[in-house]
Amino acid sequence: MTPVKILSVDDEMDLELLLTQYFRRQIRKGQYEFFFAHNGLEALTTLLKQKDIDIILSDINMPEMDGLTLLAKVNEMQNPALKCIMVSAYGDMSNIRQAMNNGAFDFATKPIDLDDLSVTIEKAAEQIDYIKKSQAEHTQLESLKTDLAVAGDIQQAILPRIFPPFPEDEDVLDLAALMTPAKDVGGDFYDFFRIDKDRIGVVIADVAGKGVPAAIFMAVSRTLIRAIGMQGYEPDVCLTKANSLLCQESVDQMFVTVFYAIYNLRTGVLDYCNGGHNSPYIIRSGGQVEAMPISQNCLVGVIEGVTYKKEQTQLQEGDMLVMYTDGVNEATNTTFEEYGDDRMEKLLGQLNVNSCREVIDRQLADVRAFANGAEQSDDITLLALKRKQ
């Protein structure tokens with residue numbers, strides 16, 4: 001137990017003996033530790049040496065520096081865990097009133113009633129303990145806030161951020177993506193990687209939940225899917241293997257929705273497997289918007305032993321595949337109205353733009369305009385892929 005440290009400031013020498021005698025049991029048990037000074041200047045010197053003083057028991061009328069001046073100096077320290085109990089003659093109520101108005105915790109009058117003073121010190125010690133615990137919690141929260149900010153930066157850093165991602169194929173492929181977490185860290189992710197000369201893998205996924213648990217599960221999911229996908233496994237096999245591993249590692253019934261596709265740069269063929277994710281859209285070269293089939297596969301990481309099935313579609317020259325997470329279509333405005341699939345599909349049909357970056361930037365801008373200042377309730381992730389020729 002850390003003792004309550006009390007600094008007694010009084011020019012009457014017999015007070016030191018009086019206090020040490022009265023509080024001898026608390027001193028012996030390590031509950032209180034007393035320090036003594038005879039004026040305000042000595043007290044300030046002691047405070048410089050003993051920076052963890054908790055309570056100052058100060059006379060008001062002293063030579064060299066009086067108690068009110070000392071109180072003003074203590075206030076300048078801006079330490080809410082340092083409490084001042086002022087002492088003065090019974091008839092000196094104007095100084096006592098001034099001391100209380102200037103922030104003294106309490107007061108005692110001479111001759112000091114030590115029983116009453118003991119209660120006052122205990123009351124001050126309780127407040128000091130509460131303040132110190134609050135300060136410790138605040139420090140922990142600030143540290144956690146800093147850690148979360150760093151974690152958010154790390155999370156963004158592990159997502160591919162260099163565009164165009166495959167400059168050697170820039171004449172046949174356009175690709176862009178973004179992820180905006182609702183909190184410091186999020187559970188959404190996107191990814192893309194080269195499998196071989198002709199094929200690339202693209203992933204968009206959404207982990208159930210938000211915050212740190214979702215971010216950790218996100219990192220594990222991304223690593224597994226990328227590691228399996230880069231070995232060239234077909235999308236259905238990739239998600240089957242990833243599901244098996246995630247089911248073994250899942251905690252608190254966490255799961256992830258995943259859309260994983262392998263795109264052939266030369267033929268425009270898109271083999272894909274949708275593990276419970278939102279159905280992407282295809283914007284055809286003529287401007288028509290087509291919703292891809294609704295997923296018939298299970299969420300990833302829920303049921304072990306599930307076999308996933310893949311599907312296939314063809315992208316023609318000028319066609320664009322637009323993928324998203326439910327932070328887009330389920331975004332709400334200030335009246336809790338959802339953005340919705342219809343609004344998103346209508347926007348995609350009106351976009352007369354060529355690049356993937358323009359499409360996802362316009363989508364994000366439209367969602368934010370719709371939200372009209374409402375707090376973002378879920379991560380927003382968008383990924384677009386276009387066959388240029």
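Residues are numbered from 1 along each chain as its sequence is written, and side-chain values use heavy atoms, with hydrogens and water left out. Because the model is predicted, local features need pLDDT of at least 70 and side-chain atom pairs count only at pLDDT 80 or more, while totals for chains, interfaces and linings use all residues. Helices (H or I, at least four residues) and strands (E, at least two) are DSSP runs, numbered from the N terminus.

The account begins with helix H3, which spans residues 40–49. Its buried residues are Gly40, Ala43, Leu44, Thr46 and Leu47, where buried means under 20% relative accessible area, exposed over 50%, and partly exposed in between, with a 1.4 Å probe and protein chains only. These residues lie on the same side of H3 because they cover an arc of only 160° around the axis; the arc is that of the directions from the helix axis to the C-beta atoms. Leu48 and Lys49 are exposed on the other side of H3. An α-helix has 3.6 residues a turn, so residues three or four places apart point the same way. The buried residues of H3 pack against E1, strand E2 (32–37), E3 and H4, contact meaning heavy atoms within 4.5 Å.

Helix H4 (residues 67–76) has a buried set made up of Gly67, Leu68, Leu70, Leu71 and Val74. Their arc around the axis is only 155°, which puts them on the same side of H4. The partners against which the buried residues of H4 pack are strand E1 (4–9), helix H3 (40–49), strand E3 (55–59), strand E4 (83–89) and helix H5 (93–101).

How do H3 and H4 meet? Two packed helices are described by the angle between their axes and the distance between the axes. The axes of H3 and H4 cross at roughly 25° and come within 9 Å; axes are lines fitted to C-alpha atoms, for helices over the stretch in contact, and angles run from 0 to 180 degrees between N-to-C directions. H3 is therefore roughly parallel to H4, since angles under 35 degrees count as roughly parallel, over 145 as roughly antiparallel, 65 to 115 as roughly perpendicular and the rest as oblique. The crossing of H3 with H4 is right-handed, a crossing being left-handed if the near helix is turned anticlockwise from the far one by less than a right angle, and right-handed if clockwise. Gly40, Ala43, Leu44 and Leu47 of H3 make this contact with Leu70, Lys73 and Val74 of H4. Five of the contact residues are nonpolar, one is polar and one is charged; Ala, Val, Leu, Ile, Met, Phe, Trp, Tyr, Cys and Pro count as nonpolar, Asp, Glu, Lys and Arg as charged, and the others, Gly among them, as polar.

Beyond its neighbours within four places in sequence, alanine 242 is in contact with Ile225, Ile228 and Val300.

Helix H10 (residues 341–350) has Met344, Leu347 and Leu348 as its buried residues. They lie on the same side of H10, because their arc around the axis is only 100°. The face turned away from that buried side carries the exposed residues Asp342, Lys346 and Gln350. H10 also packs with H11 at an angle of about 135°, with the axes 11 Å apart, and the two helices are therefore oblique to each other. Their crossing is right-handed. On the H10 side the contact is made by Arg343, Met344, Leu347 and Leu348, and on the H11 side by Val359, Arg362, Gln363, Asp366 and Phe370. These residues divide into five nonpolar, one polar and three charged.

The loops hold some backbone features to examine. Most residues other than glycine have a negative phi, and most peptide bonds are trans. A cis peptide bond, with omega about -5°, joins lysine 110 and proline 111; proline 111 is in the loop between strand E5 (106–110) and helix H6 (114–158). Another cis peptide bond joins phenylalanine 163 and proline 164, with omega about 0°. Phenylalanine 336, in the loop between H9 and H10, has a positive phi near 65°. Asparagine 372, in the loop between H11 and strand E15 (380–387), has a positive phi near 55°.
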